[in-house]
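Welcome! Have a look at the sequence and the 3D model below, and then let us walk through some of its parts together.

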Amino acid sequence: MQTACQALQHQKGRRQYNKLRNLVKDARHDCTVFANEFHQHSYLPREKGESMEKWQTRSIYNAAVWYYNHCLGQMPVVMVTEDENAIRQYGNETEGVFVISFKNYLDNFWPDLKAAHELFDSILQARRERESESQENNGKEYPEHLPVEVLETGIKSGRYIQGTLNVNKHRAQLEAFVRLQGFGSKETELQSDILIYGARARNRAIHGDVVAVELLPLHEWKGRTVALCENETEDKAAPADTTGDPMPTGKVVGIIQKNWRDYVVSFPSKEESQSQSRNAQKILVTPWDYRIPKIRISTQQAEALQEYRVVVRIDSWESTSVYPNGHFVRVLGRIGDLEGETAAILVENSICVAPFSEIQMSEMPVSSSKDPWKVNPEEEKKRLDLRDTHLIFSIDPKGCEDVDDALSVRTLPNGNLELGVHIADVTHFVAANSYTDVEARTRATTYYLADRRYDMLPSVLSADICSLLSGVDRYAVSVLWELEKESYEMLRVSYNKTIIRSAYKLVYEAAQGLLDGDTSVVGDILELQNLDERTRQKKLAELVWAISKLTDIARHVRAKRDSCGALELEGVEIRVQLDDKHNINDLIPKQPLEVHETVAECMILANHWVAKKISEDFPHQALLRQHPPPRQEFFTELQECASAKGFSIDTRSNKALAESLDKANDPLDPIVNKLLRAMATHAMSNALYFSTGSCPEEEFHHYGLALEKYTHFTSPIRRYADIVVHRLLTAATLNETKGDVKDYVFSNKDLQELCRHINNRNRAAQRAQKQSTELFQCMYFKDKTSETDARSIADGVIYSIRTNGVLVYVPRYGIKGAAYMKNKEGLVISCQGDRSCEWKPGSLHRFQNKITSTTTTGESVTLSLFDHITVKILVQTSRCHADTIKLEIIRNAQYQASDTEISQQNVQVVKSNLVKAVSQSAEAAQRAQEKTKVEVIDEDYQEYCQTQGASLYQLLEEIRDLALLDVSADIRT
């Protein structure tokens, strides 16, 4: 176009303009110049104050739109530009008119022109080298950090903003975000995170560091990437048509707190190491975590360690160095080996799982099958004895032995009811500041992986003395409520140290059967065996009444919370079925039973009332759990997806959100509601522990549970927060008797620091659990192909649209992943007559609720939100990083499974094979390794595994409520 030629002259000079004119005039190129500025319908006058560049871009786009309409939309019109603002502004404005970068033009329309692609890459590389040489000549790779006193003053004045750096793992070289915290955030009136674009703007800050940021001028703000993208290992700029609206953008001017840790890395292969450096002792190693930059270390073992995962630490990062400097720490294990990969997950999440020490074990009480633990007569006098007065029972998953809670309900002499929640009294055996207590505090939680667990407390407590098993005496902390017999109104509550003897250890299925009147489950209740019929029937009637009454009470309590806006959100949960030898027998999707809700509601009730008690007695030193309301902008995707199905989601309050989600139900596709609830879960803030002295009382609220005060009291075996709460409750009761409470209560400052630690460890536990599950998924699907195993093909549901593909949920396996509609060669998805898919040259066009793929021959296919498609499950392998699940669209239609596949039983077998098959394969590999006596550098893998047994990959029966995927949003408790 005439304006395009003039724009080149204006921006690049007469020389470049003459080159272009000569090319256009060459008849071999079959080009025509359109004088758009002299055409009635394509001319646009320049507006007052408008820059020349902006007017020229607007004129070219306007002419392109006119020409597309002039041709009656029979062929697309492409406007190629490197102006990111133009791509962002006009890229999706007119269907059929594509405004894209030159790289995208090559990828989409000329994917087979290898020479053109190589030339383009060569030009880019030359440009990078010139920029690199320029930097080297300047001597500094990065700006110097500002002094601490300057940073502090700037943060207080609002010039600088303090926050934690979070690197985008999918574009780790370019994109990082700083979440606001501390001083300065209010003054800036920012409502979103701050984008830090590029390594230089990041200025040597590493993921997790607390940094000070200076905002860039408004015209330098950029948008975040909205396209699907694989993890990049090079500093490649994102095409402008893959970014969203401009957002606050800044640069790091100083690091307030370095949060460096141990990093798992891999050494370069032989080919890489030969070309990497002239100095053989200086090696650049690649971290397992994409978000961490390469680290330069000195070693003479690089060649010997090429097949191993190793641990390194960062020592320094000078402004004159492109990469940080570090040192070698230790070897973990072979790349790809299950034990080595599991060890990498533990190190990456800073999880220490060394066996409990002798001095810690010396503090434990003695208990064995020959000499079981017994109640101390002196302690018996101090406690309320419920053994002969209360029918107490537990309801847990099959195989569970760490029973830390039990329930009771009975009729009082005055006709009212008494509800009881009884929790194992762990703190009786774990003295404050003892060696065991310090270790438990450091671990903060029990860590559950896909095939094992690492205990917070020694098993003599968790699986024996503190486990509320049936038929044995146990110490407990009991919360007892007196309820009005009809309305269940709570009349009074008491908190007591007790002695209990559980009468029944029930599993969920048996309890549900009794609730439903199914007498066939009686045979599964061991405590009812070997009784005469009359006694059995009497005991059974008492138990059925108790379970029914508990359920009625739980319904009433739940209804009250629902009326306040309690949320029911979606998570993918399984329970683990084990055989007699504790090996995995099956992974069964957790079936929703009413008794699940009954038990959960009783636990929530106890946590709520204990929270009220300890916060009243210690208003500035109590440990509670808050769940802040989510930021409204996080609900945008949920609302857009719901609107695609005609639903409206009201997010103004938790009650409005809960009611909206209940109404957003598609009778033809129940997956829709599940996905919407999963999106709501993803939008939630994380629930956090805090000290009541650290924030005002109006911030105590738990958004998800719709409770003013909440804490964790019911699982002291596996959560250190519950141990703290038990001690606070003990102190509160001592207060009433004028006892000394100093050993039971932290100061506000110490408690807040402890809460930060526990919150950090909880996040680490969730990440490790998720990464472990993903490891097993990848190892399971790694060698499966659609030709040899039909289980690698499944039905998928689209739940998010990106500029170059879609995000897909696979209900059969609970997997979520990206499915690209444009591959690395620039080809796009095309559908045949039978709706099967193949790759062809073409382009993509994204809309709010759909994405359209159009080939160069005019064929098009559109995928919309909540469409069912058939996907192939693949594994994207990586030598330096964790393998990842990848989905490939193979048919634009719902997957039609065979009759045998449809059966739920078969699906369960498939799920069990996921862990079982991987475990067997890994065991076989280990046996082969032992047979051939291969030398393993890491001499003792067992230091990573506390749960020992005949099988290396045993799963202890204590695993409960394992969340396969969406574990990041812990809002229910």
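The chain has 25 helices and 37 strands. Keep in mind as you explore that this is a predicted model. Of its 973 residues, 51% count as buried. Among contacts between residues at least 6 apart in sequence, 68% join residues at least 24 apart.

- Start with helix H21, which covers residues 671-683 and has 13 residues.
- From its first C-alpha to its last, H21 reaches 18 Å, close to the 18 Å expected at 1.5 Å a residue.
- Eleven of the 13 residues of H21 are buried, so the helix is largely enclosed by the rest of the structure.

**A closed barrel**

- Five strands form a closed barrel in the order S10-S11-S12-S14-S13, and their pairing is mixed.
- On average, neighbouring strands of this sheet are turned by 55 degrees against each other, with direction ignored.
- Strand S10 (residues 263-266) and strand S13 (residues 308-316) run antiparallel and are joined by four bridges.
- Within this pair, Val264 stands opposite Val311 in S13.
- Helix H11 (residues 338-348) packs on the sheet, where it touches S10, S13 and strand S14 (325-334).
- The direction of H11 makes about 140 degrees with that of S14.

**A strand covered on both faces: S26**

- Strand S26 takes in residues 623-626, and both of its faces are covered.
- Leu623 and Arg625 lie on one side of S26, Leu624 and Gln626 lie on the other, and all of them are buried.
- S26 runs antiparallel to strand S27 (residues 688-691), and four bridges join the two.
- Here Leu624 stands opposite Phe690 in S27.

**Salt bridges**

- Side chains of opposite charge can pair when their charged atoms come close.
- How many salt bridges does a search of the whole structure find? The search finds 47.
- One of them joins Lys222 and Glu84, with the closest N and O atoms 4.0 Å apart.
- This pair links distant parts of the chain: Lys222 is in strand S7 (residues 222-225) and Glu84 is in helix H4 (residues 84-90), 138 residues apart.
- Lys222 has 25% relative accessibility, so it counts as partly exposed.
- Glu84 is also partly exposed, at 32% relative accessibility.
- Asp666 and Lys645 meet through their side chains in another salt bridge, at 3.3 Å from N to O.
- That pair also links distant parts of the chain, with Asp666 in the loop between H20 and H21 and Lys645 in the loop between H19 and H20, 21 residues apart.
- Are these two partners buried or exposed? Asp666 is buried, with a relative accessible area of 13%, while Lys645 counts as partly exposed at 34% relative accessibility.
- Glu753 forms a salt bridge with Arg756, and their closest N and O atoms are 2.8 Å apart.
- Both Glu753 and Arg756 lie in helix H23 (residues 748-781), three residues apart, which is about one turn of the helix.
- An α-helix has 3.6 residues a turn, so residues three or four places apart point the same way.
- Glu753 is partly exposed, with a relative accessible area of 44%, and Arg756 is partly exposed as well, with 46%.
- Salt bridges that share partners also join Glu380, Asp385, Arg387, Asp473 and Arg501 into one network.

**Cysteines**

- A disulfide is a covalent bond between the sulfur atoms of two cysteines.
- The structure holds zero disulfides.
- Cys837 is in no disulfide, and the nearest cysteine sulfur, that of Cys831, is 3.5 Å away.
- Why does Cys837 not pair with Cys831 here? A disulfide needs sulfur atoms within 2.5 Å, and the sulfur of Cys831 is 3.5 Å away.
- Cys837 is buried, with a relative accessible area of 18%.
- Cys778 counts as buried too, at 3% relative accessibility.

Definitions and conventions. Residues numbered from 1 in each chain as written. Predicted model: local features only at pLDDT ≥ 70, side-chain atom pairs only at ≥ 80, totals over all residues. Heavy atoms only, no water. Expected span 1.5 Å × (residues − 1). Buried < 20%, exposed > 50% of the residue type's maximum accessible area, 1.4 Å probe, protein only. Pairing = 2+ DSSP bridges. Axes fitted to C-alpha atoms, helices over the stretch in contact; angles between N-to-C directions. Contact = heavy atoms within 4.5 Å.
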